[in-house]
Amino acid sequence: MKYLKNLLFLYFITCFQSSIYSQNIGFEVDNNKGTIENIFIKNNKIIFEISSTKRDIKNIYVFSNQSTADRFLSNTICDCNPRKKMELHKGVNLYIDAYTNVDYAKNYSDNSRAEIVGSIIKIDDIKIEYFKRVGHNSAIGIVGKLKSVNGIPISYHLNYSENQRAGYTGKIEKIGNISFKYHNRHSNSISANYVGKIKEIGSVKINYNENYSANVNKGFVGKIKNIGNVKFNYFKNTYNNNASGITGKFQSMNGNDSRFIIYWSFNMNQKNIFIG
């Protein structure tokens with residue numbers, strides 16, 4: 001019986017780790033605000049951190065192997081993060097454990113027009129490409145932005161009229177094979193203030209609480225309603241909740257979704273992990 005218990009415990013741990021390490025997407029959520037703060041995308045041994053508000057890459061983490069990248073995605077405040085910081089063009093930071101060679105963009109005419117002269121273009125065997133000043137890149141606003149990292153392609157939303165109205169022209173459209181879609185401008189998104197906010201990442205859909213009449217969603221209009229199958233619950237507009245001053249405050253999360261990890265907190269200095 002003791003052997004059986006140990007075997008079941010080992011099976012649980014193995015399945016739990018397998019569930020965590022099968023994820024490629026992480027959401028950092030501020031439950032007080034009901035907002036997605038940052039998004040993490042794993043591609044083999046590289047993790048991209050995207051600011052949800054700016055909708056641009058802010059940090060890139062390069063690990064020595066994929067298993068360490070998996071550990072980091074499962075807990076972004078673990079002690080496995082790369083220590084050496086290098087600044088790429090437009091203020092994007094790249095973190096790596098060790099390197100021996102670095103190369104920079106030379107003073108060629110196309111680099112000069114893209115204003116990337118002196119920017120890092122290679123770290124050991126990791127090649128970094130930027131968008132040049134050609135075609136519609138200037139109109140889109142992506143000149144000098146990252147085009148690829150270690151062969152992982154990065155693309156941005158074009159300047160279509162609906163993209164411009166919602167303010168996401170030139171914002172992240174795709175990293176590798178993971179796509180980013182944003183909420184367009186319409187009466188509901190304007191009323192609940194989620195115009196241009198993230199709508200889908202890959203197959204994961206994100207919705208926000210609507211501004212219904214009669215103050216049904218009082219206090220949490222525009223806050224995250226769900227990420228995939230994980231639902232966010234807030235204290236509703238009732239007499240007791242109003243009297244207690246808790247209407248609209250975060251109450252709980254529930255639901256299951258194995259496609260991603262959520263890092264959540266009431267204080268962004270202390271993170272908790274929710275695995276659907």
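How many bridges join strand E14 to E15, and in which direction do the two strands run? In this predicted model, select residues 198-201, which make up E14, together with residues 204-208, which make up E15. The two strands are joined by 2 bridges and run antiparallel. Ile201 stands opposite Val204 of E15. Select next the turn of this hairpin, where 2 residues lie between the strands; Gly202, in the turn, has a positive phi of about 60°.

Remain on E15 and display its side chains. Val204, Ile206 and Tyr208 form the covered face, whereas Lys205 and Asn207 form the uncovered one. Ile224 in E16 is the bridge partner of Tyr208.

Turn now to the aromatic rings, which form 12 pairs. Select Phe40 and Phe72: the ring centres are 6.5 Å apart and the planes are at 70°, so this pair is edge-to-face. Because Phe40 belongs to strand E2 (residues 35-43) and Phe72 to helix H2 (residues 66-74), the pair ties together parts that are 32 residues apart in sequence. Phe40 and Phe72 are both buried. Proceed to Tyr234 and Phe250, an edge-to-face pair with 6.4 Å centre to centre and 80° between the planes. Tyr234 lies in strand E17 (residues 230-234) and Phe250 in strand E18 (residues 250-254), 16 residues apart. Both of these residues, Tyr234 and Phe250, are buried.

Finally, select Arg55 and Tyr182: the charged end of Arg55 sits over the ring of Tyr182, 5.9 Å from the ring centre.

Terms used. Residues numbered from 1 in each chain as written. Heavy atoms only, no water. Buried < 20%, exposed > 50% of the residue type's maximum accessible area, 1.4 Å probe, protein only. Helix = DSSP H or I, 4+ residues; strand = E, 2+ residues; numbered from the N terminus. Pairing = 2+ DSSP bridges. Phe/Tyr/Trp six-rings, centres within 6.5 Å; stacked < 30°, edge-to-face > 60°. Lys NZ or Arg CZ within 6 Å of the ring centre and 35° of its normal.
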